[in-house]
Amino acid sequence: MPRIIAVEEHIATDAFLDTAHRLDAVPGDQAETDFMRTAERQGPIRTALTDTDARIAAMDAAGQAMAVLSINPPGVQPYPAADAVPLARTVNDSLAGLVRAHPDRFGALGTVAPQDPGSAATEIQRIMGPLGLHGIMINSHTGGHYLDEPRFAPLLESAEAHRAAISLHPRFPSVLGPYDAYGMQGAIWGYQAEAGLHAMRLILSGALDRHPDLTIVLGHLGEGIPYWLRRIDNRHAYARHALAAAGTPRLRLTPSEYFRRNFVLTTSGINDPAVLGLGLTAVCADRVMFAIDTPYEDTDDAIAFLDHAPLTDTQRAAISHATAERVFHLPRSDR
Ligand code: MN
């Protein structure tokens with residue numbers, strides 16, 4: 001097996017959890033914070049999130065060279081800006097400490113509070129500059145708002161200028177009503193519906209014409225979009241005059257061209273060679289990265305999938321580490 005880097009690996013610190021669990025979420029986010037706090041209080045998950053030595057031991061046992069860490073979702077986004085902005089800085093200081101202590105084992109994606117786009121823009125500069133982190137993670141909507149909206153332009157400008165890839169991680173959908181049955185708010189369906197919606201808004205809004213050098217990372221092999229891509233192009237072409245008449249921006253490229261240019265996919269949670277094939281058709285191996293989604297998915301299953309997937313050696317090297325090294329500016333190794 002080539003060198004393995006996994007890029008959606010969640011952590012927390014006791015200090016972060018103690019602070020976050022004392023804050024009141026904004027009203028629409030209460031159900032999700034209750035759900036996540038229950039998970040974060042469970043002994044095994046809490047330990048997996050907070051115990052760095054145990055994480056490195058598990059990586060060694062699995063033959064995993066590096067983990068690109070991120071704060072456990074939905075991070076700071078459920079909280080009022082006055083709480084979320086300083087909490088994001090504290091999280092990023094902790095992530096930077098972990099990377100400095102273990103530079104050959106950990107990369108990290110910083111967190112920002114989109115609630116205050118100006119502060120988020122400044123924090124991205126700190127994340128990619130003095131803190132030496134490798135990109136940012138945003139947990140989809142913030143208070144029901146999406147990154148294509150004009151208020152977030154400073155955040156997107158800063159990410160683009162500082163070459164911070166934005167990992168667009170799922171969270172509970174912003175409209176919970178129809179998902180509030182059968183557990184559908186979470187990873188079984190709501191997460192991919194929400195993250196796929198967010199990605200489609202970035203594509204169809206013209207945000208990627210305004211920010212052509214942005215890199216957006218989608219987990220779960222593209223949150224369903226590779227399956228729909230030909231139909232999305234077809235329906236976009238069919239509807240574009242009506243869309244333009246209704247005030248929707250005219251796009252310079254087709255939806256699939258933005259997908260191929262601006263998006264990078266990860267394998268998190270999808271150990272299915274057929275879906276990997278769809279992802280490779282939608283983008284290509286130098287835009288697909290391996291991810292596990294610890295502590296929520298099984299490391300051995302994910303690595304066995306990478307080991308057995310029908311790939312050329314070049315594709316397997318790209319997916320297992322080379323794409324991640326490029327997208328997240330990680331230190332390269334000859335191992
Ligand atoms: Mn995740």
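**Exercise 1. Find how many cavities of 30 Å³ or more a search of the whole structure gives, and describe the lining of the largest.**

Step 1. The search of the whole structure finds two cavities of 30 Å³ or more. On a 1 Å grid over the protein atoms alone, a cavity is a set of points where a 1.4 Å probe fits but cannot get out, while a pocket is an open set with protein on both sides within 12 Å along at least five of seven lines; lining residues have an atom within 4 Å of a point. A volume is the space filled by probe spheres set on the points, which are joined across faces, edges and corners.

Step 2. A word on the model: it is predicted, so local features need pLDDT of at least 70 and side-chain atom pairs count only at pLDDT 80 or more, while totals for chains, interfaces and linings use all residues. Residues are numbered from 1 along each chain as its sequence is written, and side-chain values use heavy atoms, with hydrogens and water left out.

Step 3. The largest cavity holds about 90 Å³ of space. Among its 14 lining residues, Met36, Glu40, Pro74, Gly75 and Tyr79 lie nearest the centre. Helix H2 gives the most to this lining, with four residues. (Helices, H or I of at least four residues, and strands, E of at least two, are DSSP runs numbered from the N terminus.)

**Exercise 2. Which residues coordinate the manganese ion?**

Step 1. Donors are N, O and S atoms within 2.8 Å of the metal (3.2 Å for Na, K and Ca); water is not among the atoms, so sites may look incomplete.

Step 2. Glu8 (OE), His10 (NE2), His169 (NE2) and Asp293 (OD) coordinate the ion at 2.1 to 2.3 Å. His10 sits in strand S1 (residues 5–11) and His169 in the loop between strand S6 (166–168) and helix H8 (190–204), so this pair, 159 residues apart, links distant parts of the chain.

**Exercise 3. Which element gives the most to the lining of the largest pocket?**

Step 1. The largest pocket has about 720 Å³ of space. Of its 30 lining residues, Ala187, Tyr191, Gln192, His220 and Glu223 are the closest to the centre.

Step 2. The answer is H8, with five residues.
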